[in-house]
Amino acid sequence: ISTGGYPTHPADIGTESYDQEFTLELLQNNGNTLDSIEAALVRISNGEYGSCTECGGRIPKARLDVLPDTPHCVKCAQQLQG
């Protein structure tokens, strides 16, 4: 394998592939984060922020301090993940 007349070491190809996958994963996560923030802003404007979108219960302030865009209380989040 060569690039511009210079041989490319197989390890360089692996590193480049890893870097591309890592970058794509970051972009996907950033997109998901933006979607989550937008949804939280909609809940704020609708007066629904701080209420779980699954059960309707209150999301504790401590949880919102750590995850301000979370739509779920701890119990519902655990059920949805597990």
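In which helix is the place of Leu41? Leu41 sits in helix H1, residues 10-45. Helices (H or I, at least four residues) and strands (E, at least two) are DSSP runs, numbered from the N terminus.

This is a predicted model, in which local features need pLDDT of at least 70, side-chain atom pairs count only at pLDDT 80 or more, and totals for chains, interfaces and linings use all residues. Residues are numbered from 1 along each chain as its sequence is written, and side-chain values use heavy atoms, with hydrogens and water left out.

Start with the overall layout. The protein chain has three helices and two strands. From the N terminus on, the order is β-β-α-α-α.

Next comes confidence. pLDDT is the predictor's confidence in each residue, from 0 to 100. The chain's mean is 85, and 83% of its residues reach 70 or more. Among the elements, strand S1 (residues 2-3) has the lowest mean pLDDT, 52, while H2 has the highest, 96. Where pLDDT is low, the predicted coordinates should not be read in detail.

Now the surface. The protein chain exposes about 6,400 Å², and carbon and sulfur atoms supply 57% of that area. Accessible areas come from the Shrake-Rupley method with a 1.4 Å probe; for residues, only the protein chains shown count as cover. Leu41 is exposed, with a relative accessible area of 52%. Buried means under 20% relative accessible area, exposed over 50%, and partly exposed in between (1.4 Å probe, protein chains only).

The structure holds one salt bridge. It links the side chains of Lys61 and Asp65 (3.1 Å, N to O). The term means a side-chain nitrogen of Lys or Arg within 4 Å of a carboxyl oxygen of Asp or Glu. Because Lys61 and Asp65 are four residues apart in helix H2 (residues 61-66), about one helical turn separates them. Both are exposed.

Last, the interior. Of the chain's 82 residues, 16% count as buried. The largest nonpolar core has five residues: Cys52, Ile59, Leu64, Cys73 and Cys76. A nonpolar core is a set of buried Ala, Val, Leu, Ile, Met, Phe, Trp, Tyr and Cys residues joined through side-chain atoms within 4.5 Å. Leaving out residues up to four places away in sequence, Cys76 touches Cys52, Glu54 and Cys55. Contact means heavy atoms within 4.5 Å.
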